[in-house]
Amino acid sequence: MLKDRTAIVGIGETPFSKHLEASEFQLACRAIKAALDDAGIPPSEVDALSCYTYEETPEFEIARSLGMGDVHYLSQSPHGGGAGCGAVGHLALAIAAGIANVGVVWRSRKRGARSKRLWAGVQSTVTDHWKWSRPQGLLRPVDEVAVLTRRYMHEYGLTRAQLAEVALSMRAYAQGNPRALMGGRALSLDEYLGARMISDPLCLYDNCLESDGAIALVLVRADRAADGPQPPVHIHAFSQGMKAQHQLMTDYHSADPLRSSSWSCAANLWRQSDIGPGDIDVAQLYDAFAPLVLFSLEAYGFCERGEAGDLAARGELRPGGSLPVNTSGGSLSEVYLHGMNLMTEAVKQLRGSAHTQIAGAKTCLVTSCDTTPNGALILRN
Amino acid sequence: MIENAPLPFTDDPLDRDFWINARQRRLVVQSCAACGEMRFPPRPMCPHCQSENVAWQPVSGEAAVWSFAVPAPPLLPAFEALAPYVTIIGALAENSGIRMAGLAVNADGDATGITAADIAIGQPIHIDFLDASEDCTLPCWRIGPRASAA
């Protein structure tokens, strides 16, 4: 059993910026060292490593730079924004099963430079499933999500003013977070509605930031966590999700394309959990694109299908709302690191040390990307 | 960054027949030779009965707009030159569960100069073909029903 057997005891973050001088390798080492210092654990005790398949800093380089000893568990989780909760969940499973004792998960990424952007690497000949969408003009993830968003608007009547509330509420949270890249830059509904389209119906502010930084977490068994310098944040439940007939990002081919892989993840997550959607105090929902937050609210059971736009428009995602979401500013307004900042913000909320602290927060849902094979975690303190 | 539009590899045994037919301006859908179920995009095995036996079924090319996107610059140079353009996901008349992405083209077969105002979900469209290179013809969606069907 996984339930509450492991805990996150250390978090580490580099500065976040549009441009950092240091390499991804240097940033990864700094974030991991900071997380281990936070946990009060020396690098020599780390014996499990977990990251994203997209991570470009190899585990052997990380281990020999930080001075780790014998490592007994190595794992990677697939599909970029879909990977974060999987990377943490795999580590928790290995530690709960007794394969390893001290686990580190990390993500280091420099995406601020235009040359680093994923679509800039589109190949001239497409051999895989992208051959059915990229030559036809859906070049970037935002184009793929625009297709689903327009269909959702058609089926459920979501308006741009309702969708705007996702970006506006996260920008408001960023104003309380001195680390957020969009701190000091308030956003109004008029500015949102007047912004240039990136892929109609999605405008500039529906897109995450392009940024540089690294984040790491340290996990141990719950009995050891109780003795650490930080209040432990327990991993209560974990699942990954990939629905029948799912297709990565261009998920247009199943019987009900607006019922994403998040629905598969959610059902299996809640099945394992003593905590239900109504007991969640704060949520960190993957937000590379604003509509993914609305899709996830429905998939994880916070409202019925088609109602997430109303839920957001009522202000429920803001402080004092029924479900504060992405309280650091998220990927839209704090930093975009494939969702790892959502994980550290969850830990800060459950330690009681967040910049915009939700009073008495005891439970937090963290999710990965709605439109890829994905994952989710329920955390509690 | 590539200068030209990305093109599909058309000589994979999995989907070669789709592209051979497209070059002859015919739209075909991979179907299971054992149970008859259509599937798209192509894959090696029928998800319903696990048969590897495949038939390529000709379809009319009549369809309806399931959804669409209007990508705006900055884009790859080849698409930047095309903008404004629209990519439509079309649901086939014979089987609305078969949904294919294609560039929207106007009555002149032109993919450029098309905006969101020209297209609505549910609107009839029909298949057309753009010769993208010597060995690649891309199915695309012409706005409106086929003239003979109108």
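1. Domain bounds are taken from an automatic or database domain assignment. For chain B, this assignment gives domain 1 (11-58) and domain 2 (60-150). The model is a predicted one: local features need pLDDT of at least 70, side-chain atom pairs count only at pLDDT 80 or more, and totals for chains, interfaces and linings use all residues. Residues are numbered from 1 along each chain as its sequence is written, while chains are lettered from A and ligands numbered from 1 in the order in which they are written.

2. The C-alpha centres of the two domains of chain B are 21 Å apart. Contact here means that the C-beta atoms of two residues, placed from the backbone, lie within 7 Å. Eight residues of domain 1 of chain B touch nine residues of domain 2 of chain B in this sense. On the domain 1 side, helix H1 (residues 16-23) of chain B gives the most, with three residues. Helices (H or I, at least four residues) and strands (E, at least two) are DSSP runs, numbered from the N terminus.

3. Chain B brings 33 residues to its contact with chain A, and chain A brings 31. On the chain B side, strands S1 (7-8), S4 (62-71), S5 (87-92) and S6 (99-105) each supply at least two residues. S4(B) gives the most, with six residues.

4. Strand S6 (residues 197-200) of chain A and S4(B) run antiparallel and are joined by two bridges. Two strands pair if DSSP finds at least two bridges between them. Opposite A:Asp200 stands B:Val70, in S4(B).
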